[in-house]
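Welcome, and thanks for taking a look at this one with me. Here are some notes to read alongside the structure.

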Amino acid sequence: MEISVVMSVYNERPEQVQQAISSILRQTYLPTEFIIVLDDPNQSDLKSLLQDYDRQTDIIKLVLNRENIGLAASLNKAIELASNELIARMDADDISEPRRLELELDELKRRHLDLVSGNIDYMDENGIVTGGKSVIPEDEQLIAKLLPYGSTIIHPTVLMRKSAIERVGGYRLLPTAEDYDLWLRMIASGLKIGSINAQVLKYRLRDNSMTSNAWKTYIVSRYIQKLYVQRKHTGHDGFKADDFDLFAKINDEAMRERFNRGQYHFELAMYALRNRKIGHACYRIIKAMFTTKNNFRFVINYLSFRVIWFASERVR
């Protein structure tokens, strides 16, 4: 089965983009096309680098956006141009392990999945590996139960079927977490999402990554989860790309500051748990829960996620 890799480039460092591209070109199962979208036409150094790759490497197809249109729209453009049924995601500052596509393809075929994700190692801005991500759920039924509470799917590791993406309408234009919205629409449509715990990619932690913006991620994720519930009950949802209430909440500085205070206690609770300090962890969880209503919802959602995962593992 032939694979198309899709990647959007925006403001990454040229040497990081080179590493990302090289890691795809060194795959043991080589893709037949690698569609790269440059989403910032003003990045002259990146444009020159990518044009060189486009001239020298047959499988690379370069798309130059006339203006910045964002990750979701750029990925939709690349997927539409892809000539293969299988689509692999790649981020422009990560590094795929050599057997990534081989391992994911084998698992996708063996389990008849519509999407498969892998696990990751973390690296810093300079490419130094700082540790690995903990175990992620692999079973498609468990993942379908967990996704309404939170995502364990790691976007840049994904290999998925183009027909599955088209069935649910592709990525939607959201301020963040566009991938989470896509996964929930997939499981709502009965599509099968699985994972493997093989470390298939080195994931670069950047100072300006979306993971540093807890409030924005929380608000958008809650919005996405509400859309999922609407679809489950009515078959459709009220998504709006310019939802005024959503953006008003994201930009509410006072709410963001209060939420972040609660998240501080939550992070200390997670640290205490990792160090087996159960009493202190419980104290910090309670402090987090009663900071604001949003922190309370966040903690309850997190605990629901963990209980479902734990119960499923006990049954197995």
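Predicted model: local features only at pLDDT ≥ 70, side-chain atom pairs only at ≥ 80, totals over all residues.

**Notes for a new reader**

1. Strand β1 (residues 3–9) and β4 run parallel, joined by 6 bridges.

2. β4 has another partner to look at. Strand β8 (residues 159–161) runs antiparallel to β4, and 3 bridges join them. Here Leu86 stands opposite Arg161 in β8.

3. How many residues of strand β4 (residues 86–91) are buried? The count is 6 of the 6, so the strand is largely enclosed by the rest of the structure. In a regular strand, side chains alternate between the two faces of the sheet. Both faces of β4 are covered: one side carries the buried Leu86, Ala88 and Met90, and the other carries Ile87, Arg89 and Asp91, also buried.

4. Follow the chain into the loop between β4 and β5 (95–96) and you come to Asp93. Is Asp93 buried or exposed? Its relative accessible area is 7%, which is under the 20% cut-off, so Asp93 counts as buried. Leaving out residues up to four places away in sequence, Asp93 touches Glu12, Gln16, Ala20, Met123, Arg204 and Arg206.

5. Next, helix α3. Its buried residues are Ala72, Ser74, Leu75, Ala78 and Ile79. An α-helix has 3.6 residues a turn, so residues three or four places apart point the same way. Among the elements that cover the buried residues of α3 are β1, β2, β4, α6 and α7.

6. The largest nonpolar core has 41 residues, and Leu147, Met160, Trp183, Met186 and Ile193 touch the most other members. Elements giving two or more residues to this core are β2 (33–38), α3 (71–81), α6 (162–168), α7 (178–188), α8 (214–234) and α9 (244–250). The largest share, 8 residues, comes from α8.

7. Which residues is Trp183 in contact with, leaving aside its neighbours within four places in sequence? They are Leu115, Leu147, Ser151, Ile153, His155, Val158, Met160, Tyr171 and Ile193. A second core of 33 residues is separate and includes Ile59, Ile60, Met90 and Ile196.

8. In α11, the buried residues are Ala281, Arg284, Ile285, Ala288 and Met289. They cover an arc of only 140° around the axis, which puts them on the same side of α11.

9. Finally, two backbone angles to check. Most residues other than glycine have a negative phi. His112, although not a glycine, has a positive phi of about 55°. His112 sits in the loop between α4 (100–110) and β6 (115–123), and at 60% relative accessibility it counts as exposed. Arg276 is not a glycine either, and has a positive phi of about 60°. Arg276 lies in the loop between α10 (253–274) and α11, and is exposed, with a relative accessible area of 74%.

Definitions and conventions:
Residues numbered from 1 in each chain as written. Heavy atoms only, no water. Core = buried A, V, L, I, M, F, W, Y, C linked by side-chain atoms within 4.5 Å. Buried < 20%, exposed > 50% of the residue type's maximum accessible area, 1.4 Å probe, protein only. Helix = DSSP H or I, 4+ residues; strand = E, 2+ residues; numbered from the N terminus. Contact = heavy atoms within 4.5 Å. Arc of directions from axis to C-beta. Pairing = 2+ DSSP bridges.
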